[in-house]
Amino acid sequence: MRILLWHVHGSWTTAFVQGPHTYVVPVTPGRGPDGLGRAATFDWPASVVELSPEQLRATDVDLVVLQRPHEAELARQWLGRRPGHDVPAVYLEHNAPGGPVPDTRHPAADRPELTIVHVTHFNRLMWDCGSTPATVIEHGIVDPGPLWTGRLPRAAVVVNEPLRRGRTTGTDLLPYFSGAAPLDVFGMGTEGLAGRLGIAAERCQAQELVQSALHRELAERRVYLHPVRWTSLGLSLLEAMHLGMPVVALATTEVAEAVPARAGVVSNRLDVLHDAVRGFLADPARARETGRAARAAALARYGLQRFLDDWECLIKEVTR
């Protein structure tokens, strides 16, 4: 099949395009948000092809994967067909609701011609989708391999734009956790983070890396810290588990489902998490054992083949 989707979420799309189809991503001059085209920092197969809006008008597609509210109108303009009416479509929702939970209406609510695909059961529970059919296809990860060494007695954090997102991503908690371990914060928009938070430079280093380099750097750190209060289930958390890292995380959204007790420490008590970080730094053998359990749990629940199989079932259902 030929599947149209916009390049919105690079990590998720990297897993999705490992399937057996042709994946069409729009590209526009300047490669803005509605036309990024192929990823520059993720490894995508040749089955991902770029087409301009003009080329899309002459292209047959079998399925449209919508990810943002305005994409339905873009698809109508660029394809000359209405998603859900003239061409099968699903609406992939990456995020937990950001409004007055639990009464937040989904932008695709009461659209029975669509199917809303949530990435976690928590998100499905919290979004009000009205009469639109909704389902869940949990994340799948392209396995980076058991790379963990824990050589550096430091805690790794992955978050994009931590200063802008603030309490949502637990940025305000980083000074507290820097007392338990030196922190290495990876992600976009992290420059100057320590100074803005009043953390001594030696206790908080920040850098932005491409995914392949990020995995290698994460695996050198002793423990993965996930201080996020409110978001969907972070793919970086699942990637860290695949690497074989022990996890210390807030027990919010879907984390308690994703991280079993043997794979790390999950709690909403900051003192418990603080002590857990210190404990893993002090005991590399325990960190190694816990990381192995984290990897096993992630492979069992978030393996790539299960993810692709679930999507194949849904694609066949909505296009038949």
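Which element gives the largest share of the lining of the largest pocket? In this predicted model, the answer is α9, with three residues.

## The largest pocket

The largest pocket holds about 1,500 Å³ of space. Its lining counts 47 residues, and those closest to the centre are His9, Ser11, Asn160, Arg165 and Met188. Two or more lining residues come from each of α1 (10–16), β5 (89–93), α5 (162–165), α8 (211–220) and α9. Sorted by class, the lining has 20 nonpolar, 20 polar and seven charged residues.

## The second largest pocket

The lining has seven nonpolar, eight polar and two charged residues.

## Histidine 139

Now let us turn to a single residue. Histidine 139 sits in the loop between β7 (134–136) and β8 (152–158). Its relative accessible area is 3%, so histidine 139 counts as buried, the cut-off being under 20%. Among the residues it touches are Trp12, Val119, Leu235, Arg301 and Tyr302. The side chain of histidine 139 also reaches the backbone oxygen of leucine 233, at 3.5 Å.

## Helix α12

Helix α12 (residues 284–302) has 19 residues and spans 26 Å from first C-alpha to last, close to the 27 Å expected. Its buried residues include Ala287, Thr290, Gly291, Arg295 and Tyr302. The buried residues of α12 pack against β11 (221–226), α9 (235–243), α10 (255–258), β13 (264–267), α11 (270–282) and α13 (304–319).

Terms used:
Residues numbered from 1 in each chain as written. Predicted model: local features only at pLDDT ≥ 70, side-chain atom pairs only at ≥ 80, totals over all residues. Heavy atoms only, no water. Helix = DSSP H or I, 4+ residues; strand = E, 2+ residues; numbered from the N terminus. Buried < 20%, exposed > 50% of the residue type's maximum accessible area, 1.4 Å probe, protein only. Contact = heavy atoms within 4.5 Å. Polar contact = N/O pair within 3.5 Å; in protein donor to acceptor, adjacent residues only side chain to side chain. Expected span 1.5 Å × (residues − 1). 1 Å grid on protein atoms, 1.4 Å probe; cavity = no way out; pocket = protein on both sides within 12 Å on 5 of 7 lines; lining within 4 Å. Points joined across faces, edges and corners; volume = space filled by probe spheres on them. Nonpolar A, V, L, I, M, F, W, Y, C, P; charged D, E, K, R; others polar. Lists of a residue's contacts leave out its neighbours within four places in sequence.
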